[in-house]
There are 2 protein chains.
Amino acid sequence: MRIIVDAFGGDNAPLEIIRGAAQAANEYGVGIILTGSESIIRRVAAEDGIDLNGISIVDAPDVISMEDEPRSILKEHKDCSMAEGLRRLAAGEGDAFVSAGSTGALIMGGTFIVKRIKGVSRAALAVLMPGDKGPFMLLDVGANADSRPEMLLQFAHMGSIYMSSIMGEGKPVTVGLVNVGTEDTKGGELQHAAFALMKESGLNFAGNIEARDIPLGVVDVAVADGFTGNVILKLTEGVADVLLKNIKSVFLTNAVTKLAGLIIKPYLKGLKKKMDTSEYGGAPLLGLSKPVIKTHGNSKAAAVKNAIRVAAEFAEKGVIEQISMAVKATSETGE
Amino acid sequence: MRIIVDAFGGDNAPLEIIRGAAQAANEYGVGIILTGSESIIRRVAAEDGIDLNGISIVDAPDVISMEDEPRSILKEHKDCSMAEGLRRLAAGEGDAFVSAGSTGALIMGGTFIVKRIKGVSRAALAVLMPGDKGPFMLLDVGANADSRPEMLLQFAHMGSIYMSSIMGEGKPVTVGLVNVGTEDTKGGELQHAAFALMKESGLNFAGNIEARDIPLGVVDVAVADGFTGNVILKLTEGVADVLLKNIKSVFLTNAVTKLAGLIIKPYLKGLKKKMDTSEYGGAPLLGLSKPVIKTHGNSKAAAVKNAIRVAAEFAEKGVIEQISMAVKATSETGE
C-alpha cells in the first residue's frame, strides 16, 4: 500500500504534514510518497529530526494556495505539489492521495486529472461530522453549487458505501435527505424529485430529515445539494464557536466563576473529543476513480496520520469498485 | 391602535395568549380583539382572574392545528380563529394581527385573505435571530421553497425597511446574501443573479456572507431562499440545543462538577437572555398588505405581549407603505 501525500497543502505545511506522514509510515507500515519541494522537505525533516526512511519524494516545487483560482491547478499551477500528486495517483504510482490544500483546487484537479468513475455525474465532497449519537456523513458540502435530483441519488449511494465500508464494518447504514420538514411532500422541486428517487433506490432510506435533527446524528448519511451542505457544515462550526466563546467568557466573569471554570475544565475533555472530527481522517472526495482524501486546512500531524490510515482503508476496502457497481446498476434500471 | 390576536394559536393557547393580550392592553393601552371560542376565552379568563376590560372578542370556535394542511385555512377551516382574525384585519377592523399558530396556515391565509402588497412576488417569513453582535434578521425562513433572484431582492428591501424602522430607529442597516463564500462569484445560479441585483439595488449591500459568520451577526439582514433560510434557522437551534445539553451533562458528572454548575448558573442568565429572541416580538410576515406577526408556537404571555407591542410598531411606523414604495421604485427601474 502506497499513499501519496501533498506535503505543501494546508496552514501547517510542510512540517506537520511530513511529521504525520512519517508517523503513518512508522505505525501502519504504509509506503509514503511526498510531493513538494524536495530540498525544503529534506531540510525541514533534518531540522526537526524526522526520519524519512520508507518515504520517497517527488520534487514539485510549485504550490497552489487558497487564494489561487481552483482552475489554475490545470493551468498556471499544473506542476504544483497537489497536481503532481494527483497525476502520480492517476498513473497508478500510489493507491490513494491525501491533501490539506485548497478544496476547490482538489475537486478541480481530482475531476480532471484523476477523473470520475464512469457514470458518476459529479464528485461529492463528504465530511464526517460529530453527531450526538456518533459521527455521521454529510455530503455534498461544496463540490456542486447547482445539483440535479439524480446527483443527490448518486451522493446517497456513494455515501452509504463509504460509511458502511470504512466506518460501519460493512453493516448497512441509514440515509436521510436534508429537507425543511419530515413529511414526504416537503421542500422544493429538487427535494421532491430526489425523495422519489431515493425511496425507490433500494438504499436504507430514512426519508427527509430536518436541519434541527442533523446534529443529533439521526442518520448515518445526510444528503444535500452542495450549497445546502456547505451552509450546514459552516453554520455548525459557526454556531458552536460563538456559543463556546460566550460560555468561556461567562467563566471569566470573576474569581468565583474562574474557580468553577478550573473545576470543570478537565471534564470538558470528553465533550471536546466527541466534537473533534480529526480522528475520522478527513473528508473523502467521492465519485473519483481513485481514493482522494481532503484533510482540514489546519491539520496537525495526528490528523494527517489519521487521514493516511483512512486513505489506505479507502483503497483496501474496494469502495471505488462498489461505487462503480452501484452506479452501473442504477443506470441500468433506468434511474 | 387595535391589534387582532388569535387566541387559539400555539402550544399554550388560550391561557398564555389571553394573559399576554391582557398585559399588552394594560401596559401599552392598545385595543385588543381576540378571535376564538368566546365561551372558552371568558371561562379561562374568569378561572385565571384575567381582566378582559378593553378586550373585545370575535367568536370563532374552530381551530386550525399544526397537523392540518395549511391550505385547509381556505377550505375546511375557513372559519377558524386564525382565518377569522385575518379576515377582520383585511376588513380594516384592526391594525395588525398576531398568531402563534401554524406557520404554513398563516402564510397561506395571509397571502390569500390579507393579500400581498401590489408588486410583491412572495411574502417572506422573517425571524430575528440572536447574533454575537446583537439581533439580526434572517429571511426567508420557510415561506418559499423555490425562489427566484428577484424575490431575494424584494426580501432584501423588505427586511431592510423592517429592521431600520422597528429595530434601528430609522438608521440604515446592512444586508448580506447568504452564500458558500464571500467572493462575488460564489454560489449557484440563484446567488449569482441575486448578487448582481442587490449590488445595483441602492441597498446597503455588504455582499456575500458565509454561513460560518451568520451567528456573529455580521449584517443586520441576512437574505436567503426559503429552503436555505429554514435550514439555517432550524440548524442553529439544533446545534445550540445539542451543545448545551452536552455541557449540562458534563456538569452532572459528580458532586464537584455539580458544585461548579451551581456556582456558574446565575452568571449564565446574561447569555440566556442574549440567546432569547422572544423579547424581539416574533417573526413578521413581510410583503402582505397589512402587518402580520407570527410568534413562536411555544410563546408564553411575555412573548405574546412583546409581539403585540411590535405589531403596533409595525403598523405605526409605516413599514407597509415603505415596502410598497420600494417595490414600486424597483419595478419602475426595470429590476
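**Notebook: two chains, two domains**

I began with the domains of chain A: the assignment gives domain 1 (1-120 + 287-319) and domain 2 (126-278). These bounds come from an automatic or database domain assignment. I noted that this is a predicted model, where local features need pLDDT of at least 70, side-chain atom pairs count only at pLDDT 80 or more, and totals for chains, interfaces and linings use all residues. Residues are numbered from 1 along each chain as its sequence is written, and chains are lettered from A in the order in which they are written.

I looked up the domain centres of chain A, taken over C-alpha atoms: 26 Å separate them. Their contact takes 14 residues from domain 1 and 9 residues from domain 2. I count a contact when two C-beta atoms, placed from the backbone, lie within 7 Å. On the domain 1 side, H10(A) gives the most, with 6 residues.

Next I turned to the two chains. I found 44 residues of chain A in contact with 44 residues of chain B. On the chain A side, H7(A) gives the most, with 18 residues. Helices here are DSSP runs (H or I, at least four residues), numbered from the N terminus. That side divides into 26 nonpolar, 10 polar and 8 charged residues.

How are the chains related? I see that a rotation of 180° with 0.0 Å of shift along its axis superposes chain A on chain B, at RMSD 0.0 Å. That is the relation of a two-fold axis. I fitted by least squares on the C-alpha atoms of residues with pLDDT of at least 70 in both copies. In chain A, the C-alpha nearest the axis belongs to A:Ala260, 2.2 Å from it.

Notes. Helix = DSSP H or I, 4+ residues; strand = E, 2+ residues; numbered from the N terminus. Nonpolar A, V, L, I, M, F, W, Y, C, P; charged D, E, K, R; others polar.
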